[in-house]
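Trainee: I am new to this structure. Can we go through it together?

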Amino acid sequence: MTSSVSKLNKIFLAIGFFFLYAPMIVLIVYSFNGSERVNVWAGFSFKWYGELFRDEAIMSAVWVSVKLAFASASAAVVMGTLASLVLTRAGKFKGKTVFGGMVTAPLVMPEVITGLSLLLLFVGLANSIGWPEQRGFITIWIAHVTFCMAYVTVVVSSRLTEMDRSLEEAAMDLGATPLKTFLLITLPIISPALISGWLLAFTLSLDDLVIASFVSGPSSTTLPMIVFSSVRLGLSPKINALATIMILTVLIAAVISYWLVARNEKRQRKLSEISH
């Protein structure tokens, strides 16, 4: 009975992986297609990669999206960590439940509502104080930090809750200040969560289309917006090439991140064993 259940689990797992990754494999294969039609194979070729790198609109959108994702993820990690410290270390205070709900609200809020709310906010600010004069990179950055921060807060809060606080207490008993304890003890221990939160925020920012469409301007077109516009007019093989590069980049980043997190976890286990 156990053997049959195990085989059934493997079958379902294989079906799940096939459902998830078969479209990506097909996309990668057809990115090397020499035909202008994405569904007709005309021989192996790197033609569309060359066309992709010569497309100034796409390359400009890639650069904007990467800068935006890096800046959004970095700010979201800082603000999300501060919010996590308040939720997990500040104890009980008036309005804590409301604060936690407001911080994590973007997790369940429809993107259309979030985008529309931020658009109305920026329009209202422009009418009342004259800023922003026009929507662009800064407004998209603010919008992305707003919803990415919620994901980082959940990840970091979980790590802080599970953390053994005896290490912090031991450091302060030996004379370390709270700030020094945080920088030398707490921060290294929660670094896997910070890395995971940063990567998650980077991916969410890079992938966002709906919110960016509301708060962007003509001078700040992001990559998802370019791809969406291109697909509406007919799928170009250049998009296959672009998607392939993005998949490989994310795969390499995920492998490096996994290695860094695993190494850090191993080091922290050793330190914990020594302290006990």
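Mentor: We start with the span 181-201. This is a predicted model, where local features need pLDDT of at least 70, side-chain atom pairs count only at pLDDT 80 or more, and totals for chains, interfaces and linings use all residues. Residues are numbered from 1 along each chain as its sequence is written, and side-chain values use heavy atoms, with hydrogens and water left out.

Trainee: How far apart are the end C-alpha atoms of residues 181-201?

Mentor: The span is 100% helix and 0% strand. Helices here are DSSP runs (H or I, at least four residues; strands are E, at least two), numbered from the N terminus. The end C-alpha atoms lie 26 Å apart.

Trainee: What does UniProt list residues 181-201 as?

Mentor: The entry is unreviewed. UniProt positions use the numbering here, feature names are shortened, and annotations may be inferred rather than shown by experiment.

Trainee: Is H7 roughly parallel or roughly antiparallel to H8?

Mentor: H7 (residues 166-173) and H8 (residues 178-207) pack at about 150°, with axes 10 Å apart. Axes are lines fitted to C-alpha atoms, for helices over the stretch in contact, and angles run from 0 to 180 degrees between N-to-C directions. Under 35 degrees counts as roughly parallel, over 145 as roughly antiparallel, 65 to 115 as roughly perpendicular, and the rest as oblique. Therefore H7 is, relative to H8, roughly antiparallel.

Trainee: Which residues of H8 meet H7?

Mentor: Contact means heavy atoms within 4.5 Å. From H7 come Leu167, Glu168, Ala171 and Met172. Their partners in H8 are Pro178, Thr181, Ile185, Thr186 and Ile189.

Trainee: How does H3 lie relative to H8?

Mentor: H3 covers residues 56-89. Its angle with H8 is about 135°, and the axes are 8 Å apart. That makes H3, relative to H8, oblique.

Trainee: How many salt bridges does the structure hold?

Mentor: A salt bridge needs a side-chain nitrogen of Lys or Arg within 4 Å of a carboxyl oxygen of Asp or Glu. Asp55 forms one with Lys238, with the closest N and O atoms 2.8 Å apart. The structure's count is four.

Trainee: How many residues apart are Asp55 and Lys238?

Mentor: Asp55 sits in the loop between H2 (47-54) and H3. Lys238 is in H11 (residues 237-275). The pair links distant parts of the chain, and the separation is 183 residues.
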